[in-house]
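Dear colleague,

Please find the sequence and the structure below for your records. My notes on selected features follow directly after them.

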Amino acid sequence: MPRRATISIVSADLLVVRCGLVPYEEALVAQRWLRDARQEGAVADVLLLLEHPPVYTRGRRSTPEELPMASEWYEMQGIEVCDTDRGGRVTYHGPGQLVAYPIVDLKPYDDDVHEYVRRLERVAIAALTDHAITATTIENLTGVWTDPSGRRAENPPYRGEIGPSARKIGSIGVHVSRGVTTHGLAVNVNNDLQPFEWIVPCGIEECQVTSLSRELGSEQDLAAFADSVAARFAEVYERTAAAASPADLGLDSARLGVA
């Protein structure tokens with residue numbers, strides 16, 4: 001069993017943990033364990049930054065039509081299918097996509113889940129701007145989309161409709177238990193986009209999906225983009241950030257999430 005993390009490990013109110021490539025189920029275990037520690041006040045807010053092996057995840061609002069082929073077919077393509085307790089619909093995670101899982105106490109944000117999600121959108125948009133991608137949000141849809149107009153409306157920006165040129169680059173799905181968040185944000189950086197074509201991404205028919213590498217025409221530095229997400233997260237959520245390791249938090253240093 002891992003030891004219980006303590007808030008005295010690092011003198012900061014946001015611990016940023018780089019985890020590498022982590023199987024989805026192991027990351028779930030890690031999030032739940034850290035959520036419990038956060039609820040007990042045993043650890044500060046945590047931001048896990050990682051990648052997943054190929055996996056489709058089904059949120060609480062998913063419908064069977066979003067995965068039109070049988071699970072066995074997807075598994076034959078080397079893609080796991082997992083159910084999860086986050087909000088939202090079906091999405092894909094794979095190597096080259098940056099996933100950010102904040103384990104955050106919402107008390108400083110008046111326990112306002114909608115405000116928390118809006119701030120996540122702002123984090124993604126600001127990080128993308130750091131890397132020469134103009135992004136926006138779309139009214140009544142959660143997530144982040146490239147904006148071919150080049151306009152960056154503020155706080156967060158809202159465009160009224162998807163339109164034929166809009167391409168989704170970032171997905172958001174969260175879960176809140178006793179005021180503490182799990183799950184979070186995924187941004188396509190260098191990942192294979194083909195798996196999105198085998199599903200109905202986020203329940204949106206004819207949804208076009210893109211990545212930093214597709215938009216910019218070359219492979220991008222995932223670690224540098226993770227730096228931007230960490231910095232922008234601290235800025236938007238008004239946290240003081242410090243780096244920590246899985247071992248610092250009492251998690252298995254070789255296989256994050258093993259409890």
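Please keep in mind that this is a predicted model.

I begin with a pair of strands. Strand β3, which covers residues 55–58, pairs with β5 in the antiparallel sense, and four bridges join the two. Within this pairing, Thr-57 is placed opposite Thr-91 of β5.

Both strands belong to an open sheet of three strands, whose order is β4-β3-β5 and whose pairing is mixed. Its edges are formed by β4 (80–83) and β5 (90–93), each of which pairs on one side only. On average, neighbouring strands of the sheet are turned by 25° against each other, direction ignored. Helix α1, made up of residues 24–39, packs on this sheet and touches β3, β4 and β5. The direction of helix α1 makes an angle of about 30° with that of β4.

Is Ser-213 buried or exposed? Its relative accessibility is 17%, and because residues under 20% are classed as buried, Ser-213 counts as buried. Leaving aside residues up to four places away in sequence, Ser-213 touches Val-189, Asn-190, Ser-218, Glu-219 and Gln-220.

Yours sincerely

Definitions and conventions. Residues are numbered from 1 along each chain as its sequence is written. This is a predicted model: local features need pLDDT of at least 70, side-chain atom pairs count only at pLDDT 80 or more; totals for chains, interfaces and linings use all residues. Side-chain values use heavy atoms; hydrogens and water are left out. Two strands pair if DSSP finds at least two bridges between them. Axes are lines fitted to C-alpha atoms, for helices over the stretch in contact, and angles run from 0 to 180 degrees between N-to-C directions. Contact means heavy atoms within 4.5 Å. Buried means under 20% relative accessible area, exposed over 50%, partly exposed in between (1.4 Å probe, protein chains only).
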